[in-house]
Amino acid sequence: MESRFVSAVAFYGPKTGQLRELLAGVQALIAEHVGEDFRPYSPEQVHATLIALDGVRDPETGAIVNAYLLAHAGVRQEMDLPRVMDILARATPLRVRIGGFRPDQPVPFTSQGQHLAMRTFSVRDKAFVLMGWPAASLAGAGRPLDDLRREMNAANVLHKYHVRATDVDNDLHLVVGHHAGAPPAALARATAAVRDKLAADPVDLTIGPTDVKIVAADSHTLAPPLYVGDVPADEAALLALMS
């Protein structure tokens, strides 16, 4: 069973202010070191996924079930989209920080076992990935992003990176582009340059209610979109796209 890509995301669409400046600066540094091998996302396309809502139709019941709940847990329960929207509506405002970490600096936690300075920017497969964390977590006050993703279990939605019950994902990822086979040395130079920039010039952002969208597309890049809606999204439109 195949699924379209449907996600609840932050910052999809036009960018302004600090976020636009951040993305432009990071993409310029990557282009400086990677050159023609860099395939930047458009500013409108860059987004931070809060939770993937990919759904597939259960051939036995006809219900739309969450693709990751089915794949990782074998559970065929219909997604409760109204409850998904209610959880998302209560998740904002959420303050996040990108940058501000140096490798020799103590940090309040690690991300996937790595220092935050390393995780703030990296090349994963062929994707250039920015990463930030909730301000509350950096202050030692919980894991609001992981909590949001885990609360989705009550709506029969399993977070993609919660394969095991003990898995934690409190990271906010923003892919800014890909590369087309750039040399490792160029990728290393770009990574070091962006990390240095972010360490010296962190950005604090707030995800507000209007910053969260539900986006559907036939590509994991979410471009071009087939549907973009505010929270709460049109349930009938989403179910039609999933089926």
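Some ground rules come first. Residues are numbered from 1 along each chain as its sequence is written, and side-chain values use heavy atoms, with hydrogens and water left out. Because the model is predicted, local features need pLDDT of at least 70 and side-chain atom pairs count only at pLDDT 80 or more, while totals for chains, interfaces and linings use all residues.

**His115**

Let's start with His115, which sits in the loop between strand 6 (94-98) and helix 4 (116-119). (Helices, H or I with at least four residues, and strands, E with at least two, are DSSP runs numbered from the N terminus.) The His115 side chain reaches the backbone nitrogen of Ala117 at 2.9 Å and the backbone oxygen of Arg102 at 3.5 Å. Setting aside neighbours within four places in sequence, His115 is in contact (heavy atoms within 4.5 Å) with Arg102, Pro103, Gln105 and Val107.

**Two helices that pack**

Two packed helices are described by the angle between their axes and the distance between the axes. Here, helix 3 (residues 81-89) and helix 8 (residues 235-242) pack at about 120°, with axes 10 Å apart. (Axes are lines fitted to C-alpha atoms, for helices over the stretch in contact, and angles run from 0 to 180 degrees between N-to-C directions.) Who meets whom? Leu81, Pro82 and Met85 in helix 3 meet Glu235, Leu238 and Leu239 in helix 8. Sorted by type, the residues of this contact are five nonpolar, no polar and one charged. (Ala, Val, Leu, Ile, Met, Phe, Trp, Tyr, Cys and Pro count as nonpolar, Asp, Glu, Lys and Arg as charged, and the others, Gly among them, as polar.)

**Salt bridges**

A salt bridge is a side-chain nitrogen of Lys or Arg within 4 Å of a carboxyl oxygen of Asp or Glu, and by this rule the count comes to ten. Among them are these:

| Pair | Closest N to O |
|---|---|
| Arg90 and Asp86 | 3.2 Å |
| Arg150 and Asp146 | 3.5 Å |

Arg97 lies in strand 6 and Asp204 in strand 10 (residues 203-207), so this pair ties together parts that are 107 residues apart in sequence. Arg150 and Asp146, on the other hand, both lie in helix 6 (residues 144-151), four residues apart, about one turn of the helix.

Buried or partly exposed: what is Asp146? Asp146 is buried, with a relative accessible area of 2%, whereas Arg150 is partly exposed at 27%. (Buried means under 20% relative accessible area, exposed over 50%, partly exposed in between, with a 1.4 Å probe and protein chains only.)

Conventions: A polar contact is a pair of N or O atoms within 3.5 Å; within protein, one must be able to donate a hydrogen and the other to accept it, and residues adjacent in sequence count only if both atoms are side-chain atoms.
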